[in-house]
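This report describes how the parts of one model touch one another. Please look at the structure before reading on.

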Protein chains: 2
Amino acid sequence: MTESSKPRRAQILDSASRLFSERGYHATSMRDLAGELGMQGGSLYAHISGKEELLIEIVNVASQQFDEALFTLRAADMRADDKLREAMHRHIRVVADNMDSATVFFHEWKHLSPEAYARVTGWRDSIDAFYRELITQGVEDGTFRRDLDPRMTAYLVLSAVNWAYTWYRPGGPLTPRNVADSFADMLLGGLRAVPEPPRP
Amino acid sequence: MTESSKPRRAQILDSASRLFSERGYHATSMRDLAGELGMQGGSLYAHISGKEELLIEIVNVASQQFDEALFTLRAADMRADDKLREAMHRHIRVVADNMDSATVFFHEWKHLSPEAYARVTGWRDSIDAFYRELITQGVEDGTFRRDLDPRMTAYLVLSAVNWAYTWYRPGGPLTPRNVADSFADMLLGGLRAVPEPPRP
DNA sequence: CCTACCGATCGGTAGG
DNA sequence: CCTACCGATCGGTAGG
């Protein structure tokens, strides 16, 4: 399906994702958005009910993408380190494939109405819980160090995969798989040389 | 110096940091800001030249804080792993002590005018360079694994320390030192149990 | 999907 | 620091 054959509504959402990510939600006017699509401002309302509907839909779609990527891993029968690597790969892939909506997701969710806001908070909690459970599993089955704090470990992993929205460049030399493998290698094996050099 | 004895201009900047971080730059009106300080909208302009001046100053102060924290470490004669731990501690402390301006820094810099925007970009590059050099030093002196890619390693470290602006809670049970030590232990030593359990 | 329009609100200023 | 105001722009609507 070429860009111009997409349903008008999908085109509007694509443009909105790009403009909201580049300029921010409040700094993007409905006339800016309409102009991108060769329309007049008022014409948008034949396709959507309002500006906030766009934000809600962008954020919801992004949440779903993360959910679908990670949820099927939850019960997977894999060793914890392999599962962590695969989760990071999928997570980074969602970010990399949706740089605009990921940016909107991380920056603009504070502008949502209370109900939509609560949904995003709930989603965040479920992703946190996914990583914490994964770490706990790995600690219990002996794959991970016993002194790990699942909460801090989950924060560290989430930092790595989420922050990618600020620096990853689709079409560049690094694939999501490259990034995930690099990060997972460092996280799992540690940065320090083995054996550790003697402290002078 | 109590809050009310601070120069008016400093009070304005504090309130602006909080409002910009909570609601975003464009969603905060000058009347919102004035109201926080018990003023009328127009009265702000006796103290400042315009809205963007506030954003520029908040971002500049934040940049300076990061610079001052990290620059003195650059030439420090420490082993690379200790230096990394100390850099992470200082970096997280700046974030933790300035949660509002850090949030503004990470979210609102896209709204700066071209000159201020360029300054922020330059700053980002210098922080990146700091961490890359630190990694390179550690690889060369044998403290870090030889197969590390300084660029990816710097991204991983920066992810951990920057992302703290999304979840750290000042006044909570974790100090910046706790967070930095936890992250540094995991990053330097790795998550995997040693010796590694046999793969089934 | 367009034209023409609505009330509301914006950042900023003049004059005191 | 306030009152009163400016032009510009906002999201959204009516009628076609």
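A polar side-chain atom of B:R31 lies 2.8 Å from a base nitrogen of DNA strand C. The structure is a predicted model, in which local features need pLDDT of at least 70 and side-chain atom pairs count only at pLDDT 80 or more, while totals for chains, interfaces and linings use all residues. Residues are numbered from 1 along each chain as its sequence is written, chains are lettered from A and ligands numbered from 1 in the order in which they are written, and side-chain values use heavy atoms, with hydrogens and water left out.

**The DNA strands**

DNA strand C has 16 residues around it, and A:M39, A:S43, A:H47, B:Y45 and B:K51 come nearest. A residue is near a strand if one of its heavy atoms lies within 4 Å of it. By class, this surface has four nonpolar, eight polar and four charged residues. Here Ala, Val, Leu, Ile, Met, Phe, Trp, Tyr, Cys and Pro count as nonpolar, Asp, Glu, Lys and Arg as charged, and the others, Gly among them, as polar. Sugar or phosphate accounts for 61% of the atoms of DNA strand C within 4 Å of the protein, and bases for the rest.

DNA strand D is surrounded by 16 residues, of which A:Y45, A:K51, B:M39, B:S43 and B:H47 are the closest. The residues of the surface near DNA strand D divide into four nonpolar, eight polar and four charged.

| Residue | Protein atom | DNA strand | Distance |
|---|---|---|---|
| A:R8 | side-chain N or O | C | 3.1 Å |
| A:H47 | side-chain N or O | C | 2.8 Å |
| A:M30 | backbone N or O | D | 2.8 Å |
| B:Q40 | backbone N or O | D | 2.8 Å |
| B:S43 | polar side-chain atom | D | 2.6 Å |

**Chain A and chain B**

How many residues of chain A are in contact with chain B? There are 53, and they touch 53 residues of chain B; contact means heavy atoms within 4.5 Å. The size of an interface is often given as the accessible area lost when the parts come together. Between chain A and chain B the buried area is about 4700 Å², of which carbon and sulfur atoms give 61%. Buried area is the accessible area (1.4 Å probe) that two parts lose on being put together, summed over both.

Two salt bridges are found across this interface, a salt bridge being a side-chain nitrogen of Lys or Arg within 4 Å of a carboxyl oxygen of Asp or Glu. A:R192 and B:D81 form a salt bridge through their side chains (3.1 Å, N to O). The side of chain A that touches chain B divides into 24 nonpolar, 14 polar and 15 charged residues.

**Two domains in chain A**

Chain A is divided into domain 1 (1–48) and domain 2 (58–189), with bounds that come from an automatic or database domain assignment. Their centres, taken over C-alpha atoms, are 29 Å apart. Nine residues from domain 1 of chain A and seven from domain 2 of chain A take part in the contact.

The area buried between these domains is about 640 Å², with carbon and sulfur atoms giving 69%. In domain 1 of chain A, A:S17, A:S21 and A:Y25 lose the most area to domain 2 of chain A, together 55% of what that side buries. Across this domain interface the rule finds zero salt bridges.

Note on methods:
Polar contact = N/O pair within 3.5 Å; in protein donor to acceptor, adjacent residues only side chain to side chain.
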